Protein chains: 2
Amino acid sequence: MIDRPPHVAIVGCTGAVGREFLNILAERDLPMASLTLLASPRSAGRVIEHDGSPIEVKALAESSFDGVDIALFSAGGEISRQFAPFAVESGATVIDNSSAFRMDPGVPLIVPEINGDVLDEFRGRGPGIIANPNCSTIIALMAIAPLHRAAPCGIQRMVISTYQAASGGGAAMMAELEQQARDHAAGRPLRHDILGRPYLFNLFSHNTAIDPATGYNTEELKLIRETHKILDDATIAITATCVRVPVLRAHSEAINLTFREPGTMSEAQARQVLAAATGIRIVDDRAANRFPEPIDASGQDEVLVGRIRADISQPPGKGLDLFVSGDQLRKGAALNAIQIAERLVTGARMFTA
Amino acid sequence: MIDRPPHVAIVGCTGAVGREFLNILAERDLPMASLTLLASPRSAGRVIEHDGSPIEVKALAESSFDGVDIALFSAGGEISRQFAPFAVESGATVIDNSSAFRMDPGVPLIVPEINGDVLDEFRGRGPGIIANPNCSTIIALMAIAPLHRAAPCGIQRMVISTYQAASGGGAAMMAELEQQARDHAAGRPLRHDILGRPYLFNLFSHNTAIDPATGYNTEELKLIRETHKILDDATIAITATCVRVPVLRAHSEAINLTFREPGTMSEAQARQVLAAATGIRIVDDRAANRFPEPIDASGQDEVLVGRIRADISQPPGKGLDLFVSGDQLRKGAALNAIQIAERLVTGARMFTA
C-alpha cells in the first residue's frame with residue numbers, strides 16, 4: 001500500500017512498451033513524486049522528454065532502486081529475473097511485464113478489471129512482485145472473464161486462434177514490417193534480418209519455441225496457463241493456435257466458448273454482459289459489416305469486441321463465438337501495468353483532484 | 001463421360017481465377033480439341049496468349065457453347081445462374097466455381113481427392129453441372145477429410161478460424177492491397193476504393209453479408225454447409241470465424257477437431273494419415289519453427305499442413321489441432337476445377353501419352 005505520490009522507475013524505457021509507459025503516464029492521473037528512466041548501458045545518457053521535462057536515461061544497476069516505490073519492468077525475462085529482486089530489496093513494488101514470475105504461486109497475475117481485488121490482500125503485505133499477464137491473455141480475457149463470471153457454472157472449454165501484431169516482437173519487428181512495405185514498393189527483395197522470412201503479405205506460427213512434449217508454442221502455453229491462474233480455475237479446457245499476422249500493434253483473436261451447461265448464455269445475454277463490462281467496447285454492426293479491426297483498436301485503451309453470436313453447432317445457450325482486437329502495447333502491456341500501479345496507490349485519484 | 005479430347009470453354013477468362021485456369025491448363029496434361037475464351041463484352045476482342053498461341057476473347061452469349069464439351073465458369077454467381085443452363089442445353093458439362101449451384105441436391109460438389117468417386121456415377125448421366133466448392137472449404141477439407149475417414153466414428157466437431165487472402169476478393173482486391181503498400185511507402189494516405197478501409201497492416205471480418213438469423217457471414221455458412229455435403233455427414237458440428245488478412249493469394253486456417261470417441265486419433269496416427277493423403281504436404285518443423293505460411297503455399301498445387309498436435313485440453317486421442325495454408329487461386333479454385341475436368345475425360349492421360 002502506497003499512501004503518497006510514489007517514486008516511479010521504468011526499466012526498459014527505450015523499448016516499444018517502455019515508450020508506451022511514458023505516453024500513458026503523461027495521459028493519466030497517477031500522481032508521481034519522481035520518475036526514473038532505466039535502460040541498458042547502451043541507452044544511458046539519452047534524454048527523453050516526459051510531460052514537458054527532459055529526463056536523462058540511466059544505466060540499470062543493482063542500486064538503481066534506492067527510494068523507488070514502484071518499478072515498472074519491461075526489458076525481457078532475463079533482466080526481470082536479474083534485477084527485480086534488487087528492486088524488491090530496496091523496498092519497491094515491481095510490476096513486471098515479462099513472463100519471468102507470472103506462474104510463481106506467490107506472485108499475483110493481474111488484470112485490474114478482472115482480478116484487481118487480489119491486490120487488496122497483497123497490498124497489506126508490503127512490496128513484492130506483481131506480474132502483468134501476456135498480451136494475448138489480457139486481450140482475450142477482457143471479453144471472456146465477464147462471460148465466465150456471468151455463467152452460473154462458468155466456461156467449460158475455449159478454442160482460441162490469434163492474429164498477433166508485430167509489436168509483440170518489439171520495436172525492431174515493427175520497423176522490419178514497415179521496411180518490407182517500402183522494399184516491396186521499390187521492387188527490392190524484402191529485407192528480413194530479424195525474422196528470416198517475409199512478413200509483409202505473409203503470416204506465420206508465433207515465433208516462440210515449441211514445447212517438445214505438447215507441440216504447443218510458448219505463446220499458446222502462456223495463454224492457457226495464465227488464463228487458468230487469472231480466472232482461478234484450472235479445470236477450464238483451453239486450446240490455442242497463436243499466429244503472427246502483418247499488423248503493426250493490435251492483436252486480434254477468434255474465440256469460441258463452450259459453457260458447462262446448455263441454456264447458459266444466449267447471444268442476447270452475452271451482449272448484455274459485455275455491454276456492462278468495463279474496459280471493452282462492442283463493435284458489432286452486422287448491416288455495415290463493421291467489427292473489431294486492429295487498425296481501429298490501435299492507440300485505444302478499450303479492447304474491441306464483436307462477431308458476438310451463438311455457436312450454431314451447439315445446443316442453445318451452450319456455445320458462443322467472439323472476435324476481439326486490442327492494442328498490444330496499451331491494454332496488452334503498458335496500460336494494464338499502469339492500471340495495476342494506480343490500484344496500488346491509495347487514493348491515486350485524490351492526489352490529482 | 002467424355003471419351004475424346006474435349007472442346008473446352010472458360011467463362012470469366014480475364015479474372016484472377018480465369019487467368020489461373022489458363023496457367024494450369026498450360027502446365028497439365030488435359031488434352032483439348034479446342035479452347036474458347038469467354039468474358040464480358042467489355043473484355044471481348046482482347047487477345048490472350050495460351051501455350052504459345054493467341055486466342056481472341058469472345059463476348060459471353062447464350063450461343064457461346066455450341067460444340068463445347070466442358071465449360072469452366074468463374075465469373076460470379078449471377079453469370080453462372082444466367083448462362084450455365086444454356087451451356088448444359090448445348091450439351092456441355094459445366095464445372096462452376098461460383099456458389100450458385102453448390103447446395104443444389106442434384107449438383108455434385110467435388111474435391112477430386114475426397115469425393116471424386118461421386119463423378120463416376122454422374123458421368124453415366126451425361127452433361128450437367130458440377131460445382132467447385134468454396135476456396136476455404138477445399139483448403140480445410142484437404143487435411144480434414146483423410147482424418148475424418150480414418151477415424152472409425154469420424155469427427156464430431158470442428159472449430160475453424162480462417163486467415164484469408166485478398167485473391168478471394170478478385171484481382172482488384174489484390175491490386176488494392178499492393179497499392180496500399182506503395183501508398184504507405186510514399187507516405188500517402190492509403191487508397192481504398194474497393195474495401196473502404198485500410199487493408200495493409202490490418203485485417204477484418206470476411207466481407208460477405210451477415211445472415212441475420214445466425215450472425216454468421218456467408219463465407220462461414222459456405223464452409224459449414226459445403227463441408228456437410230462433401231463429407232456426406234450433416235451431423236458434424238461446425239463453427240467458423242472467417243477473417244480477411246493482408247496476404248495476397250493463399251488462405252490459411254487454424255483447425256481444431258474433436259473426434260467422436262476418445263482414443264481415436266493420436267498425434268502419431270494423424271501424422272501417418274496425413275502423410276499418406278494425396279494433394280497435401282506436411283510442413284511441420286518444430287525445431288526450426290517452420291510451419292505452413294501463405295507465401296510458401298502460393299503458386300503450389302499442394303495444401304501445406306502443419307502445427308499437427310494433440311489438443312491438450314481433450315482426453316488422449318479425442319482432439320487435434322492443425323494449421324493449413326493453400327493457394328486460393330489454385331487448389332482453392334482453378335486447379336480443383338481442372339482436376340474435376342480431368343476426371344470427366346476418360347483416359348485423359350492416355351491421349352497425351
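View 1. Helices are DSSP runs of H or I with at least four residues, strands are E runs of at least two, and both are numbered from the N terminus. This is a predicted model, in which local features need pLDDT of at least 70, side-chain atom pairs count only at pLDDT 80 or more, and totals for chains, interfaces and linings use all residues. Residues are numbered from 1 along each chain as its sequence is written, while chains are lettered from A and ligands numbered from 1 in the order in which they are written.

**View 2. The buried face of H6(A).** Six names mark this face: Met173(A), Met174(A), Glu176(A), Leu177(A), Gln180(A) and Ala181(A) are buried (20 or more other C-beta atoms lie within 10 Å of their own). Down the helix axis they fall within an arc of 160°, so they line one face of H6(A). The arc is taken from the directions from the helix axis to the C-beta atoms. These buried residues pack against helix H1 (16-27) of chain A and helix H6 (171-185) of chain B.

**View 3. The axis between the chains.** A rotation of 180° with 0.0 Å of shift along its axis superposes chain A on chain B, with RMSD 0.0 Å (least squares on C-alpha atoms of residues with pLDDT of at least 70 in both). That is the relation of a two-fold axis. In chain A, the C-alpha of Ala181(A) is nearest the axis, 2.7 Å from it.

**View 4. The contact.** Chain A gives 48 residues and chain B gives 49 (C-beta atoms, placed from the backbone, within 7 Å).

Notes:
Contact = placed C-beta atoms within 7 Å. Buried ≥ 20, exposed ≤ 12 C-beta atoms within 10 Å, placed from the backbone.
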